[in-house]
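User: I am new to this kind of model and would like to learn how to read it. Please go through it feature by feature.

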Amino acid sequence: MQNVLVTGGAGFIGSNFVRYLLKQDPTVQVINFDVLTYAGSIENLKGLPDADRHTFIHDDIRDTDALADVFESFEIDTIVHFAAETHVDRSILGPAIFIESNILGTFNLLEVARKNWSGHSHQGQHAFRFHHISSDEVYGALRAEDPPVNEQHAYAPRSPYAASKASSDFLVRAYGHTYDLPITISNCSNNFGPFQFPEKLMPLMILNAMSGESLPIYGDGSQIRDWIYVDDHSAAVWAILQKGRVGETYNVAGDNQYTNKEIVEMICSLLDKMLPASSHSPHKQLITFVDDRPGHDFRYALDTSKITTDLGWHPHETLQSGLRKTIAWYLENEAWVSQIKQRPAYQEWIEENYLKRAEGG
Ligand code: NAD
Ligand code: DAU
């Protein structure tokens, strides 16, 4: 692995992965390709370790020529494809961009990668890898009594976001099968950690609780997600790049299944301890139950025995240890928090989504 193209590397997981990769591999060059949507930020890349091994390219995976330019300018041997629209609620309000970026964008990247790869020597082709980052949501919703699903489970995506990710997974598999492009895929559960845009459950609750605003739980809060600390996800991707078998899909999860209500209550009690002088304590009093997400999937749960057995990967953080680190990061990074809160995308989101939901409209 010498020149790694990371798409979406200015987003939450992508920026954490770029940090992880630069630390983990002392010689790798990272080419970070990101269009900087509302969710991406150059602020997420401040203070990268060994930053001279990182090149940022501000462009769009919907633009095939822009992608082709990157392959012409750098001898890319590895692609880690994070770039996507990622918020389920936004996919319900406006699905079109999810189809464009997640499906057509992935198709563009596959096409450009395939053309480039086919021109490599035999050795170069062998060393090449296209790793696609996907989601547990492609398997659809589980009931409380269902066992966690493994990689053989049928796809049954139920939101526009999940359907767009499922489509992109099928395209990646098709390129592996049809053209022998050396692909791998990982389907991961809910990530949390530093640099997550505060439209997602954990950072939204942390920031709202810190400033004494209401904590809007959708429906009755009984839905279950499995949470993974973002560095554990990066370590899983690294393990797949190092040891994963070409053509394979790996489930990745943190083994932390909790209801949304439990998660929000845990955040509140940790904040009570970490901010003993806060006038908002007990933070639990800020919880409000608001209109549910349309088509809200009840539960996701992954069987991760393939990656643990075959690649020896295990998550290191527990929910408690990861949450403490995450809350500490949001408390300590006031400048990051304040620039993100000033973004129109954040303010519009709060106004459009939460105030309307809370009013039941
Ligand atoms: P994010 O929304 O924080 O970041 C996405 C990044 O992709 C942003 O920097 C954005 O600017 C960039 N991007 C979007 N459209 C683009 C385009 N057309 N061209 C170039 N760049 C574009 O998302 P995230 O939570 O970091 O998720 C990253 C990946 O991981 C996604 O593929 C997502 O489906 C997957 N995933 C996320 C989670 C999670 O819990 N967040 C779990 C499993 C899988
Ligand atoms: O499961 C992996 C997926 O996790 C990723 O593929 C997605 O990109 C990522 O956004 C995430 O999707 P979710 O819909 O699970 O994440 P979100 O943080 O939006 O919501 C988590 C749960 O919390 C979900 O059941 C909805 C609920 N929720 C969310 C928000 C933002 C609330 O109850 N209140 C909220 O304000």
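**Reading the model**

Analyst: Asp180 counts as exposed, because its relative accessibility is 56%. Buried means under 20% relative accessible area, exposed over 50%, and partly exposed in between (1.4 Å probe, protein chains only). Accessible areas come from the Shrake-Rupley method with a 1.4 Å probe, and for residues only the protein chains shown count as cover. Asp180 lies in the loop between helix H6 (160–179) and strand S6 (183–188). Helices (H or I, at least four residues) and strands (E, at least two) are DSSP runs, numbered from the N terminus.

User: What should I know about the source and the numbering?

Analyst: This is a predicted model, in which local features need pLDDT of at least 70 and side-chain atom pairs count only at pLDDT 80 or more, while totals for chains, interfaces and linings use all residues. Residues are numbered from 1 along each chain as its sequence is written, chains are lettered from A and ligands numbered from 1 in the order in which they are written, and side-chain values use heavy atoms, with hydrogens and water left out.

User: Which backbone angle of Asp180 is positive?

Analyst: Asp180 has a positive phi, about 65 degrees, although it is not a glycine. Leu36, also not a glycine, has a positive phi of about 60 degrees. Leu36 sits in the loop between strand S2 (29–34) and S3, and it counts as partly exposed because its relative accessible area is 26%.

User: Which residues does a cis peptide bond join?

Analyst: The cis peptide bond joins Ser281 and Pro282, with omega about -10 degrees. Pro282 is in the loop between helix H9 (260–274) and strand S12 (287–290).

User: How do I read a salt bridge?

Analyst: Side chains of opposite charge can pair when their charged atoms come close. The term here means a side-chain nitrogen of Lys or Arg within 4 Å of a carboxyl oxygen of Asp or Glu. The structure holds 16 salt bridges. One of them pairs Glu100 with Arg62, whose closest N and O atoms are 3.1 Å apart. This pair links distant parts of the chain, 38 residues apart: Glu100 is in helix H4 (residues 96–118), and Arg62 is in the loop between strand S3 (54–58) and H2. Asp60, Arg62 and Glu100 are linked in a network of salt bridges.

User: Are the partners in the other salt bridges, Arg90 with Glu199 and Arg143 with Glu145, buried or exposed?

Analyst: Arg90 and Glu199 meet at 2.6 Å, N to O. Arg90 lies in helix H3 (residues 88–93) and Glu199 in the loop between strand S7 (190–192) and helix H7 (201–210), so the pair ties together parts 109 residues apart in sequence. Both Arg90 and Glu199 are buried. Arg143 and Glu145, with closest N and O atoms 3.7 Å apart, are both exposed.

User: How do I check the length of a helix?

Analyst: The expected span is 1.5 Å times one less than the number of residues. The 14 residues of helix H8 (residues 230–243) should span 20 Å, and its end C-alpha atoms are 20 Å apart, which agrees.

User: How many residues of H8 are buried?

Analyst: In H8, 11 of the 14 residues are buried, so the helix is mostly covered. Among them are Val230, His233, Trp238 and Leu241.
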